[in-house]
Amino acid sequence: MELVRGIQNLRPRHRGCVATIGNFDGVHAGHQAILKRLRADSARMNLPGCVVIFEPQPREYFSPGDAPPRLTRLRDKLALLEAQGVDRVLCLSFNRRLREMSAEQFVQQILIDGLGVKHLEVGDDFRFGCDRSGDFAFLQGSGERHGFTVEAANTVAESGERISSTRVRQVLAEGDFSLAERLLGRPFSISGRVLHGQKLGRQLGAPTANVQLKRLRAPLQGVYRVSVELDGVTQKGVANIGSRPTVDGDGQAHLEVHLLDFDGDLYGRRITVVFHEKLRDEQRFDSLDALKAAIKADFAAARAQWGL
């Protein structure tokens, strides 16, 4: 899969494609249905399939403090798109220039001059351009004038409800990882590199791997039963996502993972943490002894569920 960062890096060889546009946060089952149709259209028209995404995502640009937590950071999103058979990703920098681009300019500069789109699939509620002035009807009209077709992405439902990134976040917040797996088409996981931390876990008798989140907010908060794939072996563990209130955290979300039966060095390694069950909410304890007791209980609960 080819990644093109910004319209300034589009070349004449990139013209001529079938495309879709969106955030694709989570690359969930609804997204996967769109990408399946993209592959079919790509094969039918003998053209590469291109996904247009934004970085940062628009809501992160307009209101970073209130933007919804990401299900997937950019690196993981790209890997998931590649696994779905996408030929090319155009990642547009969502900045002031793009924010002020009119709907007409977006179509002309990106879809026509840049990509030479022959077929486009977007949600019928898709809005774009300055002040969200462009919509599905505008795209259809542009397609008729400039020689590309536009198709509405069909809604994909689970148990009668539309699958969306918003719904996935809600289900994760409720701790329903079984439903989240159905919505995503895979277990929910977070990947990142293990960094050196404050070594507080060792003082508490629970050494942890501090995983780099690289996102403004985390979609989970609390203590969870998890597993980690290491060298082809599944390691069972417990993870905490939160601000570490008992030990005067910095107010930002951290992911800390303790592997139940593992003694080794994980620093610098990139690991994937798969979430299976919420054990409890994060809470502030009155003392480190009370925190130690809670951690011990978390480990016991996880071991019981794992049958260890």
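Where does glycine 116 sit? Glycine 116 is in the loop between H5 and S5. This is a predicted model, in which local features need pLDDT of at least 70, side-chain atom pairs count only at pLDDT 80 or more, and totals for chains, interfaces and linings use all residues. Residues are numbered from 1 along each chain as its sequence is written, and side-chain values use heavy atoms, leaving out hydrogens and water. Helices (H or I, at least four residues) and strands (E, at least two) are DSSP runs, numbered from the N terminus.

**The open sheet**

- Six strands form an open sheet: the sheet of 6 strands has the order S1-S4-S3-S2-S5-S6, with parallel pairing. Two strands pair if DSSP finds at least two bridges between them.
- Strand S1 (2–5) and strand S6 (149–152) stand at the edges. Each has a single partner strand, so one side of each is left without a neighbour in the sheet.
- The twist averages 25 degrees from one strand to the next. Axes are lines fitted to C-alpha atoms, for helices over the stretch in contact, and angles run from 0 to 180 degrees between N-to-C directions.
- Strand S2 (residues 17–21) pairs with strand S5 (residues 117–122) in the parallel sense, over 4 bridges. Here valine 18 stands opposite histidine 119 in S5.
- Helix H3 (residues 74–83) packs on the sheet and touches S1, strand S3 (49–55) and strand S4 (88–93). The direction of H3 makes about 170 degrees with that of S3. Contact means heavy atoms within 4.5 Å.
- Helix H5 (residues 103–114) also packs on the sheet, touching S2, S3, S4 and S5. The direction of H5 makes about 140 degrees with that of S4.

- Glycine 116 is buried, with a relative accessible area of 9%. Buried means under 20% relative accessible area, exposed over 50%, and partly exposed in between (1.4 Å probe, protein chains only).
- Not counting residues up to four places away in sequence, glycine 116 touches Arg15, Gly16, Cys17 and Leu111.
- Alanine 19 lies in strand S2. Alanine 19 counts as buried, at 1% relative accessibility.
- Beyond four places away in sequence, the contacts of alanine 19 include Leu38, Cys50 and His119.
- Arginine 169 has its place in helix H7 (residues 165–173). Arginine 169 is buried too, at 13% relative accessible area.
- Arginine 169 touches Asp25, Pro68, Pro69 and Leu71, not counting residues up to four places away in sequence.

**Strand S11 and its partners**

- Strand S11 (residues 222–230) has 8 of its 9 residues buried, so S11 is largely enclosed by the rest of the structure.
- S11 runs antiparallel to strand S12 (residues 233–242), and 9 bridges join them. Tyrosine 224 stands opposite alanine 239 in S12.
- The hairpin of S11 and S12 has 2 residues between the strands. In this hairpin, aspartate 231 takes a positive phi near 50 degrees.
- S11 also pairs with strand S14 (residues 270–280), in the antiparallel sense, over 6 bridges. Valine 226 has phenylalanine 275 in S14 as its bridge partner.
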